[in-house]
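Dear colleague,

Please find below the structure that I am handing over to you. My notes on what was found in it follow directly after.

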Amino acid sequence: MDCVFCAIINGEIPSSKVYEDDTIVAFKDLSPQAPVHILVIPKQHIKWGYDVTPENSAVVAHIFETIPKIAKEQGLDNGYRVVNNCGESAGQSVLHLHFHLLGGRDFTWPPG
């Protein structure tokens with residue numbers, strides 16, 4: 001498997017980690033779209049949202065339980081946005097399930 005996020009998880013590619021536990025890793029995005037732009041990924045390779053099942057959905061729950069802690073540590077007291085792109089036409093460029101934690105600026109809706 002040739003997955004850049006798996007390589008980051010395995011320590012083969014350096015990253016600016018802000019959080020790690022047995023299940024997930026969070027690190028700064030290389031092309032930030034906001035003053036705070038963190039990627040939160042499961043250590044288990046799940047390609048995308050279509051592959052979330054009852055057997056692996058606990059990792060997604062854990063991500064959403066951990067995101068508020070990361071947001072607080074990053075000083076996002078005024079709010080933040082969480083984005084998941086599912087599939088290439090939705091903008092998913094790395095086929096490993098991941099969530100963008102964005103904050104530190106005001107956002108508009110729709111995002112465009």
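**Findings: aromatic pairs, strands, cores and cysteines**

At 7% relative accessibility, Phe99 counts as buried; here buried means under 20% relative accessible area, exposed means over 50%, and partly exposed lies in between (1.4 Å probe, protein chains only). Please note that this is a predicted model, in which local features need pLDDT of at least 70 and side-chain atom pairs count only at pLDDT 80 or more, while totals for chains, interfaces and linings use all residues. Residues are numbered from 1 along each chain as its sequence is written, and side-chain values use heavy atoms, with hydrogens and water left out.

**Aromatic rings**

Phe99 has an aromatic partner in Phe64: the ring centres are 5.2 Å apart and the planes stand at 80 degrees, so the pair is edge-to-face. For such pairs, the rings of Phe, Tyr and Trp (its six-membered ring) must have centres within 6.5 Å; planes under 30 degrees apart count as stacked, over 60 as edge-to-face and the rest as tilted. This pair links distant parts of the chain, with Phe64 in helix 2 and Phe99 in strand 5, 35 residues apart. Helices (H or I, at least four residues) and strands (E, at least two) are DSSP runs, numbered from the N terminus. Phe64 itself is partly exposed, at 42% relative accessibility.

In the whole structure, the search finds 3 aromatic pairs. Another of them joins Phe5 and Phe27, also edge-to-face, at 5.7 Å centre to centre and 75 degrees between the planes. Phe5 belongs to helix 1 (residues 4-9) and Phe27 to strand 2, 22 residues apart, and here too distant parts of the chain are linked. Phe5 is buried at a relative accessible area of 5%, and Phe27 is buried at 4%.

A charge was also found over a ring: the charged end of Lys47 sits over the ring of Trp48, 4.5 Å from its centre. The criterion is NZ of Lys or CZ of Arg within 6 Å of the ring centre and within 35 degrees of the ring normal.

**Strands**

How many of the residues of strand 3 are buried? The count is 7 of 7. Val36, Ile38, Val40 and Pro42 lie on one side, with His37, Leu39 and Ile41 on the other, and both faces are covered.

Strand 3 pairs with strand 2 in the antiparallel sense over 5 bridges, where pairing requires that DSSP finds at least two bridges between two strands. Within that pairing, Phe27 is the bridge partner of Leu39, and Ala26 that of Val40. Strand 3 is also joined to strand 5, again antiparallel, by 5 bridges; there Val40 has Phe99 as its bridge partner.

Strand 2 has 4 of its 5 residues buried. It is joined by 3 bridges to strand 1 (residues 17-20), and the two run antiparallel. Tyr19 is bridged to Ala26 in strand 2. Strands 1 and 2 form a hairpin with 3 residues between them.

**Nonpolar cores**

In soluble globular proteins, nonpolar side chains tend to be buried together. A nonpolar core is taken here as a set of buried Ala, Val, Leu, Ile, Met, Phe, Trp, Tyr and Cys residues joined through side-chain atoms within 4.5 Å. The largest core has 16 residues, of which Ile38, Val40, Ile63, Ile70 and Leu101 touch the most other members. Two or more residues each come from strand 2 (24-28), strand 3 (36-42), helix 2 (57-73) and strand 5 (99-103). Helix 2 gives the largest share, 6 residues. Another core lies apart from it, with 10 residues, among them Cys3, Phe5, Ile9 and Ile41.

Leaving aside neighbours within four places in sequence, the contacts of Ile38 (heavy atoms within 4.5 Å) include Val18, Ala26, Phe27, Ile70, Phe99 and Leu101.

**Cysteines**

The structure holds 0 disulfides, a disulfide being a pair of cysteine sulfur atoms within 2.5 Å. Cys6 is buried at 16% relative accessibility, whereas Cys86 is partly exposed at 26%.

With kind regards
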